[in-house]
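This report goes through one protein structure, part by part. Keep the sequence and the 3D view at hand while reading.

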Amino acid sequence: MRIHRTSCDRNKFTNRIPYETLISRDQTREKDLRSDYYRDSTAIMHSMPFRRLKHKTQVFFAPSNDHICTRMEHSMHVASIAGSIASSLGLDSELVWAIGLGHDTGHTPFGHVGERVLQKFWDETKKEGDPEFQHELLSLRTLRHTALGTKGLNLTYAVLDGVVSHCGESFGKSKMKPDFIIKDFDSIKDRTHIVPSTWEGVVVRFSDSIAYLGRDAEDAARMGLIKMDDIPQSVKKHLGCTNGEIINSLVNNLVENSSEEEGIGFSKDINEVVSEFVAFNYKNIYKSEYMNAETAKRERLLTLLFDYIKYLYSNYTKCPEALLKEKVAMADNFKSYLDKRIPVYQTRGEGEKELLFDYISGLTDTFAIDSAIAILGE
C-alpha cells in the first residue's frame, strides 16, 4: 500500500478523550508486558468468536473456492487498512488494529442475510426495552459477555466503542468527526445514529467500507456474477481496476483529505465515486438474482435450525440428558452450552431468548449446514 505521507500528516488530531478514560475496563487487570490496545488485539485473536470467523460468510455462502473472502479475512483487511491510515495520521495504530479485529465477532452465520433472517425471528418476540438485533450490538455483547464461554474479554472502553460504532454503510457524508462522548454500553439499544468516541473509531468505520468495496467485486467476478470490466468507468478512472488499486487510491485520498477541522474522510469527488461504486455493488451483487435465491435457501435453513434448538431447549428444561439421545452433534453441543451458561445468564436476568439467539448467532456457516443435514437424516 503506497501511502503518500506529508510533513503535516502527523499529530493533526489533538482533540482527544483522556487516555485513562479510554483504557477503562469492566474489571481491573494485573500488570501486563503488552500495551493496553495490543493486549486487546491478542485477546480478540485468541478468542473463540474470532476463530469461528474463518468459517463465516463475507458475502458468498460457504464457498468451495478457497480464494473467496471469509469474515476473518475481512476483519484482517479492515485492521490492516486502518493501521496504515492511523500511522499516517499520527493516530494510535494499535487501537485501530484491535477494533478492526473485533468489529465483526458478533456476525451471524451467512453474513447480512443471516442477520436479517434472525432479526425477523427476534422481532417476533421483541418486548419494550429490548435492543435491536444488529451485528454491531452483537459484537459488543460477544466481546463484553460471551467470548470466554461465560464472560467477556475485559477489553478497553476505546476498543468496545469502536466495535459498536463501526457501521460504515452510509456514504451520505464524505467526512466524519468523533462525538467525544463516553457511552453507557448497557443503555445502547440501536446502533443507527451512534458515532465513535475517538478518531480511531472513525478510521475503522471508513476502513470497513474500503476493505469490502473492491474485494466484493473481485469475489463476484470469481463467482461469475460480474466482470471487473463491468464496474463503473468513474471507478476505474479514479480508483483503479483491481482491489489493490482501489484500496490504495481510497487510503491515500482519505489521508490527504482528513484533518481535525474537517474530519476524516474522502474528498467530495471521490466520495461521489464511492457512492456510485456502492450502488453498482448493491444492484449487481447484493441484490442480484443469485443472492436472492441464496437468501431464500438460508432462510429455510436457519428456520429449521432455530425451530430445532427451541425444541432442544424445551426438552432440556425437562431432562437435560434427553438431548444426548438425539444423536446429532448440534444437540450434544447445545447441551454443553446450556450446562455452562444457564447459571450465568440467570445472574444477568436473562433467559431462553438470549440463550437461543446467542447460540444460533455464533454458529459458523459450515456447522449450520452440517447440522441441518444431520437433523434431516440425509
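## The enclosed cavity

The structure is a predicted model. A search of the whole of this model finds 1 cavity of 30 Å³ or more. The volume of the largest cavity is about 40 Å³.

Which residues line the largest cavity? The lining is made of Asn 15, Arg 16, Ile 17, Leu 22, Phe 180, Ser 197, Thr 198 and Trp 199. By type, the lining residues divide into 4 nonpolar, 3 polar and 1 charged.

## The largest pocket

The largest pocket holds about 760 Å³ of space. It is lined by 31 residues, and those closest to its centre are Met 48, Arg 52, Tyr 337, Arg 341 and Gly 362. Four helices are listed as giving two or more residues to this lining: H3 (48-52), H7 (135-146), H14 (329-347) and H15 (352-362).

Which element gives the most to the lining of the largest pocket? The answer is H14, with 6 residues. Sorted by type, the pocket lining has 10 nonpolar, 13 polar and 8 charged residues.

## Two packed helices

Two packed helices are described by the angle between their axes and the distance between the axes. Here, helix H9 (residues 199-222) packs against helix H12 (residues 268-286) at an angle of about 35 degrees, and the axes are 10 Å apart. The crossing of H9 and H12 is left-handed.

On the H9 side, the contact is made by Tyr 212, Leu 213, Gly 214, Asp 216, Ala 217 and Ala 220. On the H12 side, Val 274, Phe 277, Val 278, Asn 281, Ile 285 and Tyr 286 take part. The residues of this contact divide into 9 nonpolar, 2 polar and 1 charged.

## Buried residues in helices

Ile 210 is found in helix H9. Is Ile 210 buried or exposed? Its relative accessibility is 0%, so Ile 210 counts as buried, the cut-off for buried being under 20%. Leaving out residues up to four places away in sequence, Ile 210 touches Ile 81, Ile 85, Ile 247, Leu 250, Val 251, Leu 254 and Phe 266. Ile 210 and Trp 199 are 11 residues apart in sequence, and their C-alpha atoms are 17 Å apart in space.

Ser 75 lies in helix H4 (residues 71-89). Ser 75 is buried, with a relative accessible area of 0%.

Val 117 belongs to helix H6. Val 117 is buried, with a relative accessible area of 5%. Apart from residues up to four places away in sequence, Val 117 touches Glu 299 and Leu 302.

## Residues in loops

Most residues other than glycine have a negative phi. Phe 110 is not a glycine, but has a positive phi of about 65 degrees. Phe 110 is found in the loop between helix H5 (93-102) and helix H6 (111-124), and is buried, with a relative accessible area of 0%. Lys 327 is another residue other than glycine with a positive phi, near 60 degrees. Lys 327 lies in the loop between H13 and H14. Lys 327 is exposed, with a relative accessible area of 73%.

Ser 288 is found in the loop between H12 and helix H13 (289-318). Why does Ser 288 count as buried? Its relative accessible area is 9%, and buried means under 20%. Not counting residues up to four places away in sequence, Ser 288 touches Leu 225, Tyr 282 and Lys 283.

Terms used. Residues are numbered from 1 along each chain as its sequence is written. This is a predicted model: local features need pLDDT of at least 70, side-chain atom pairs count only at pLDDT 80 or more; totals for chains, interfaces and linings use all residues. Side-chain values use heavy atoms; hydrogens and water are left out. On a 1 Å grid over the protein atoms alone, a cavity is a set of points where a 1.4 Å probe fits but cannot get out, and a pocket is an open set with protein on both sides within 12 Å along at least five of seven lines; lining residues have an atom within 4 Å of a point. Grid points are joined across faces, edges and corners, and a volume is the space filled by probe spheres set on the points. Ala, Val, Leu, Ile, Met, Phe, Trp, Tyr, Cys and Pro count as nonpolar, Asp, Glu, Lys and Arg as charged, and the others, Gly among them, as polar. Axes are lines fitted to C-alpha atoms, for helices over the stretch in contact, and angles run from 0 to 180 degrees between N-to-C directions. A crossing is left-handed if the near helix is turned anticlockwise from the far one by less than a right angle, and right-handed if clockwise. Contact means heavy atoms within 4.5 Å. Buried means under 20% relative accessible area, exposed over 50%, partly exposed in between (1.4 Å probe, protein chains only).
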